[in-house]
Amino acid sequence: MDDTFLTIIWLLVSALSQTTLQMTLHRQFAESRQADHDTSHDARYKYQIKTFDVRVDHFSFAIEDTFQLRYLINDTWGKEKNAPIFFYTGNEGRIEVFAENTGFLWETAPQFGALVVFAEHRYYGESLPYGNKSFTDPRHLGYLTSQQALADYVELIQHLKSRPEYNYSPVIVFGGSYGGMLSAWMRMKYPNIVQGAIAASAPILQFTDVVACEAFARIVTSDFRASSPTCAKLIQHAWGAITEVTSNDEGKKWLSDNWKLCEPLKTAEHVETLKDFLQEVYTDLAMVNYPYETDFLTPLPGHPINVFCRHLTNSSLTGKPLLSALHGAISIYTNYTGKATCMSIKDAEPGLDAQGWDYQACTEMVMPMCSDGINDMFEPSEWSFKDYNNTCFKKYSVSPRPNQICEQYGCKNLTTATNINFSNGLMDPWASGGVLRNLSSSAIAILIPDAAHHLDLRESNSNDPYDVILTRKFHRYTIKKWIDEYR
């Protein structure tokens with residue numbers, strides 16, 4: 001019996017008796033995959049796109065404005081009266097992206113005869129309260145908060161349940177990453193609306209005075225070191241090489257040409273933009289270090305960090321030779337398909353359409369990050385709330401509220417939470433802010449040693465690690481338990 005299996009067994013024992021555990025491990029779950037493809041969408045799963053009118057401001061009577069919230073719905077399996085509603089709490093991006101990358105929900109819905117709903121988050125995709133003006137005026141943008149988004153979802157669920165066939169339907173919410181945070185908070189804040197939550201890779205503790213600011217960078221670094229210690233060291237050395245090579249105009253031109261940058265480096269600010277881009281690429285590679293090809297954030301091979309690090313094996317590289325080798329590695333992320341003619345450093349996640357996240361990070365979603373350059377592979381960077389506040393105020397004329405999330409939902413004392421599965425892949429840097437211990441007898445922490453960012457919510461794949469397969473079985477077991485308790 002390997003260590004991974006023992007780890008998962010230990011976690012499940014905390015929630016189940018030994019007899020029930022054995023039944024859970026060996027029970028055969030029907031995993032019926034959606035076979036039909038909807039030709040009206042470039043997607044693997046079939047759904048209708050609908051809209052629902054919601055208030056711009058749920059918490060006062062001063063603003064009566066409304067807007068259309070988009071959601072995706074599939075009622076193929078929800079035919080019986082009071083069928084369960086599987087509701088995905090949309091993240092920071094177009095809702096189609098998450099519908100197409102949450103195969104676990106689609107695979108599980110047939111087993112429970114569930115209605116499937118993916119709700120888009122306000123200010124993302126096409127759910128823009130003030131259309132094209134949503135991001136041009138601070139008075140319009142101020143309604144972009146997690147609290148308002150949760151209230152949107154409550155109203156949508158109530159709308160769905162107003163139909164006679166769903167009046168008494170149990171509601172299970174699902175989400176990964178920020179969507180997982182919303183699912184967890186949904187169950188905590190509205191237990192009368194939601195019967196249970198699958199909160200995958202949900203860093204609900206990644207906030208001020210709760211998690212050490214350097215924890216995130218150290219997990220990213222450990223992923224690269226696990227692939228190759230030389231790779232992580234060369235990444236660390238490359239920061240100084242970039243600074244030295246770009247210290248003059250000739251060096252900036254060399255790097256721009258060698259890396260085929262779409263936006264040539266002209267100033268010191270451009271160099272900092274490049275470094276920020278690289279930091280985001282390394283982070284994203286750690287997040288989506290899946291064991292098979294994916295195109296979630298960008299097209300990538302299986303085990304992308306391993307493929308990346310094959311370009312960084314010569315520990316003696318310095319200066320321009322090091323940067324040339326690093327360009328080959330970075331191309332795994334920026335041009336895996338070979339179709340790009342140049343490398344754009346404006347946005348490491350262009351397919352996500354997450355324009356509003358920067359604003360959320362400058363208001364309530366203040367997640368302190370730092371690095372020391374010794375225990376991690378990044379340039380030393382201290383966390384300074386003063387500097388952070390100044391940057392945000394220049395961008396949006398707002399000051400961050402670093403304690404708001406913990407005041408609204410709780411961080412240090414969550415013992416009243418119930419009916420939530422908190423799953424975290426230990427290869428995922430966001431596990432630094434995840435719930436890693438059981439909060440109560442039914443708010444369970446599941447640690448997945450061989451998984452990156454919410455891998456357990458993705459569709460089944462022959463390359464899935466066994467601990468991911470086992471986690472999905474436990475999710476299904478608890479979903480059934482929550483539905484049975486409700487009925």
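## A loop residue: V366

V366 sits in the loop that links α14 (357-361) and α15 (385-396). The model is predicted. Is V366 buried or exposed? V366 has a relative accessible area of 0%, so it counts as buried, since the cut-off for buried is under 20%.

Which residues does V366 touch, beyond its neighbours within four places in sequence? Its contacts are Q206, F207, T208, A361, W383, Y388, P400, R401 and P402. Take Q206 from that list. V366 and Q206 are 160 residues apart along the chain, yet 8.4 Å separates their C-alpha atoms.

## A covered strand: β6

Now turn to strand β6. This strand spans residues 196-200, and five of its five residues are buried. In a regular strand, side chains alternate between the two faces of the sheet. In β6, G196, I198 and A200 point one way. A197 and A199 point the other way. Residues on both sides are buried.

## The partners of β6

Which strands pair with β6? One is β5 (residues 171-176), which runs parallel to β6 and is joined to it by five bridges. Within this pairing, G196 of β6 is the bridge partner of I172.

The other is β7 (residues 420-425). β6 and β7 also pair in the parallel sense, over four bridges. Here A200 has S423 of β7 as its bridge partner.

## The helix between β5 and β6

Helix α7 covers residues 178-189. Together, β5, α7 and β6 form a β-α-β unit. What is the handedness of this unit? The unit is right-handed.

How values were computed. Residues are numbered from 1 along each chain as its sequence is written. This is a predicted model: local features need pLDDT of at least 70, side-chain atom pairs count only at pLDDT 80 or more; totals for chains, interfaces and linings use all residues. Side-chain values use heavy atoms; hydrogens and water are left out. Buried means under 20% relative accessible area, exposed over 50%, partly exposed in between (1.4 Å probe, protein chains only). Helices (H or I, at least four residues) and strands (E, at least two) are DSSP runs, numbered from the N terminus. Two strands pair if DSSP finds at least two bridges between them. A crossover is right-handed if, with the strands pointing away from the viewer, the path from the first strand over the helix to the second runs clockwise. Contact means heavy atoms within 4.5 Å.
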